[in-house]
Amino acid sequence: MISVLHLVGSPVDEFHADLSRLYARDCLAALDAPHRYRHQIAYVAPGGKWCFPATLETESIAAAESYSIAAAVDRLSDMPIDVVVPQMFCRPGMTTFRALLDLLGLQYLGNRPEVMAMTADKTKARAVVAAAGVPVPDAQTLEPGDALRIPLPVVVKPAAADNSAGVSLVRDDAEFGPAVDAATAHGSGVLVESYVELGREVRCGVVERDGELWCLPLEEYAVDPSSKPIRTAGDKLARGADGELFLVAKDVNRAWIVAPEDPVTQQVWAAARSCYRALGCRHYGLFDFRIDPDGEPWFLEAGLYCSFAASSVIAMMAAADGCEVADLFAHMLRQAEIGSASCSR
């Protein structure tokens, strides 16, 4: 039996902690195979305290004993752990906590902390993939007092925030100042990119398989040149009446799988493979592209995570290609040389 530790939560804030729990709960349900896996949970609460709850329900977390990071490391050292699934989406969770796993000699699925840090900075990620020959929109990193050097329309975004937080489309000079303020609210760095006319917007997942890069069916998002030219935070996450987060983007009217024979697929696959190699990805990667009216894909950003929840984008793409999430997880364990099962594809 393989012992799997799920590293969940966020030391930063409740939003990131709730987002982590949302995906991790789905992952635990999807990988519910008691004869095959022994699941354990390490939960990091806002503020940095650790606990090891039996489940991810609020009551279970509240009832679990609280640990300092030093005490938590001692406990981790005593736990039987074959592999860790990082389920944290805040910046420390994607970087510092993965580095801690490396320091402790714990194997984990997914990308290394230095790769996560690089791709979390959109300015650095776009520079790396551009150097590899992947088209990127013209851009300017905005410093305080800088004048805009790129012709309108432009997209203004935080240089290091996820889920489209603080992203605005600016078509008029009067909109630029408020757009910069909105981006700055989510971090000090501001990235301004030329607006790529629609087109389409798609996401491509890439998974390592026996030394090759397996590109998954694309996921396309509902955008419209007039009514919805860009995706915003409201297209991705929302809270229900009970206060719990839910995934807006999984609505079939907002996102769907692209047929493999669609002409755009091969072009995006080629660009995604180049992004994967250039960024130094490991195990899997996820890349967003804007498709212009001529059908050319333009790199927007990389999201190098997979929670192995049924609702996780890479898992959904793999399922559309005939590999359900449980098989995908087993395949990833094989890639990491943990256990011997693999996806039957």
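**Exercise 1.** Find how many salt bridges a search of the whole structure gives, and work out which parts of the chain the pair E193 and R126 ties together.

*Solution.* Start with the total: the search of this predicted model turns up 9 salt bridges. Now take one of them, where the side chains of E193 and R126 meet at 3.0 Å, N to O. E193 belongs to strand β8 (residues 190-194) and R126 to helix α7, so the bridge ties together parts 67 residues apart in sequence. Next, check accessibility: buried means under 20% relative accessible area. E193, with 2%, is therefore buried, and R126, at 11%, counts as buried too.

**Exercise 2.** Strand β9 contributes R200 and R203 to salt bridges; identify the partner of R200 and the partner of R203.

*Solution.* Begin with R200, whose side chain meets that of E220 at 2.8 Å, N to O. E220 sits in strand β11 (residues 219-221), 20 residues away from R200. At 9% relative accessibility E220 is buried, while R200, at 23%, is partly exposed. Then move to R203: its side chain meets D288 at 2.5 Å, N to O. D288 lies in strand β15 (residues 284-291), so this pair joins parts 85 residues apart in sequence. Both R203 and D288 are buried.

**Exercise 3.** Describe how helices α6 and α7 are oriented to each other.

*Solution.* First, the axes of α6 (residues 113-120) and α7 (residues 122-131) come within 5 Å and cross at roughly 100°. The two helices are therefore roughly perpendicular. On α6, the contact involves M118, T119 and A120; on α7, K122, K124, A125 and V128. Sorted by type, the contact residues are 4 nonpolar, 1 polar and 2 charged.

Technical notes. Residues numbered from 1 in each chain as written. Predicted model: local features only at pLDDT ≥ 70, side-chain atom pairs only at ≥ 80, totals over all residues. Heavy atoms only, no water. Axes fitted to C-alpha atoms, helices over the stretch in contact; angles between N-to-C directions. Helix = DSSP H or I, 4+ residues; strand = E, 2+ residues; numbered from the N terminus. Parallel < 35°, antiparallel > 145°, perpendicular 65-115°, else oblique. Contact = heavy atoms within 4.5 Å. Nonpolar A, V, L, I, M, F, W, Y, C, P; charged D, E, K, R; others polar. Salt bridge = Lys/Arg side-chain N within 4 Å of Asp/Glu carboxyl O. Buried < 20%, exposed > 50% of the residue type's maximum accessible area, 1.4 Å probe, protein only.
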